[in-house]
Every structure is written in C-alpha cells, then in structure tokens.
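This report describes the strands, a helix, an aromatic pair and some backbone angles of one protein model. Please look at the sequence and the structure before reading on.

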Amino acid sequence: MDSKEVKFRFHSSSIEVIKFLDKLEKTTYISTLLVENNDISAHQSNGYADWDNKFYYGGKYKDSLLIKIGIELTKIEKGDVSTVIWDEALKADINNLIDQQRKEHNIYHGISFIYGIKSNMSMALNICTGRETSQKEFENLILPMRFALLNYFKDL
C-alpha cells in the first residue's frame, strides 16, 4: 500500500476511533498522528486541530520534550506496538511549558498507543482526560482497550 492510500485509510480510521472515544465521559483530548520518516504527515483530533498546530507541530512548542519524545517513540518496526503513559514520560521535564497550555484546556493525564505500519511509518493514538479524573482511574479505563482501539487501524 502506498503512502497516499495509507493516509486515506488513516483519516477514515481516525474519524471512527475519535468518534467512539469522544463519547466516553472521561476523555477530553483525542488525537491521531501518522508519522512518516520522523515527520508528522497526517493528524486528526476531536476539535483541537488549530490548537495542536498553533502550539505543537509547527508552532511554539515544536521543539519541546513532549514532541521530541513523541516522535522518538514512533520509531518502531512494522507490526510493533508500544504504550506511553505521559505522566511518567514527562516527569523529567520540570520546565514543561506545554503542561500549562494543556491544563488551561482541561487536558491532563495522557496515554498513547503507537503502532508500526512500515519501517519508516507509524501511527499514534493519543488519549487524555480532564482534571476531575485521576491518573489511575484513567489508566484503568483506557489501557484494557488498547488492542480494540488499535484494531480501528488494522487495515493500514
């Protein structure tokens, strides 16, 4: 499957998984990323797209530890699956400027599921919750759904 076909399927799969996750009471921010040759080549979110672009991918925080870690973690082999608990991954960054922006938009605890599509292409499903949900409660809700959620992208 060529990159154009992967992107097309990625977008339609993203719409479906975001629609499903957006119905859950505990989710605030949901996004999907398609990473090709270490660059974000496609992106979907549940209404935060302009905010994402402004602060992350081409904007103010594009060189932040969050983005650098995220891109680095998508460097996985075809068929491999990885899970990132962002609360743990970002503990080392005491000057995490993105955190202030995230909290202003009620984006707190986050989990990413990453799947290797090809040797130079992977995708990530990023799910966050709001202030009212504890990290443990959120992990207990989302982690058991990992493979069911990645199954939305099985045709990539």
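## The enclosed strand β5

Nine of the nine residues of β5 are buried, so this strand is largely enclosed by the rest of the structure. Buried means a relative accessible area under 20%, exposed means over 50%, and partly exposed is in between, computed with a 1.4 Å probe on protein chains only. Strands (E, at least two residues) and helices (H or I, at least four residues) are DSSP runs, numbered from the N terminus. The model is predicted: local features need pLDDT of at least 70 and side-chain atom pairs count only at pLDDT 80 or more, while totals for chains, interfaces and linings use all residues. Residues are numbered from 1 along each chain as its sequence is written, and side-chain values use heavy atoms, with hydrogens and water left out.

In a regular strand the side chains alternate between the two faces of the sheet. In β5, M121, M123, L125, I127 and T129 point one way, S122, A124, N126 and C128 point the other way, and all are buried.

## I127 within β5

I127 lies in strand β5, which covers residues 121–129. With a relative accessibility of 0%, I127 counts as buried. What is I127 in contact with, leaving aside its neighbours within four places in sequence? The contacts are L21, T27, Y29, H109, G110, I111, F113, F138, I142 and L149, where contact means heavy atoms within 4.5 Å. For I111, which is 16 residues from I127 along the chain, the two C-alpha atoms are separated by 5.4 Å.

## The sheet

Strands of a sheet pair through backbone hydrogen bonds, either parallel or antiparallel. Here five strands form an open sheet in the order β2-β1-β5-β4-β3, and the pairing is antiparallel. Two strands pair if DSSP finds at least two bridges between them. At the edges stand β2 and β3 (81–85), each with a single partner strand, so one side of each is left without a neighbour in the sheet. From one strand to the next, the twist averages 20°.

Nine bridges join β1 and β5 in the antiparallel sense; in this pairing, L34 has M123 of β5 as its bridge partner. β4 and β5 are also antiparallel, over eight bridges, and S112 has N126 of β5 as its bridge partner. Two residues lie between β4 and β5, which form a hairpin. β1 and β2 run antiparallel and are joined by six bridges, with S31 opposite S45 in β2.

## Helix α1 on the sheet

Helix α1 (residues 3–22) packs on the sheet and touches β1, β2, β4 and β5. The direction of α1 makes about 170° with that of β1. Axes are lines fitted to C-alpha atoms, for helices over the stretch in contact, and angles run from 0 to 180 degrees between N-to-C directions. α1 has 20 residues and reaches 27 Å from its first C-alpha to its last, close to the 28 Å expected at 1.5 Å a residue. The expected span is 1.5 Å times one less than the number of residues.

Which residues of α1 are buried? They are V6, F10, S13, S14, V17, I18 and L21. These residues cover an arc of only 140° around the axis, which puts them on the same side of α1. The arc is that of the directions from the helix axis to the C-beta atoms. K4 and F8, on the other side of α1, are exposed. The buried residues of α1 pack against β1, β2, β4, β5 and α7 (146–150).

## An aromatic pair

The structure holds two aromatic pairs. In one of them, the rings of F10 and F153 have their centres 6.1 Å apart and their planes at 35°, so the pair is tilted. Rings of Phe, Tyr and Trp (its six-membered ring) pair if their centres lie within 6.5 Å; planes under 30 degrees apart count as stacked, over 60 as edge-to-face and the rest as tilted.

F10 is in helix α1 and F153 is in the segment after α7, 143 residues apart, and the pair thus links distant parts of the chain. F10 counts as buried at 0% relative accessibility, and F153 counts as buried at 1%.

## Positive phi in two loops

Most residues other than glycine have a negative phi, and most peptide bonds are trans. N38 is not a glycine, yet its phi is positive, about 70°. N38 is in the loop between β1 (27–36) and β2 (39–45), and is partly exposed at 39% relative accessibility.

N106, also a residue other than glycine, has a positive phi near 55°. The loop that holds N106 runs between α5 (97–104) and β4 (110–118). With a relative accessible area of 22%, N106 is partly exposed.
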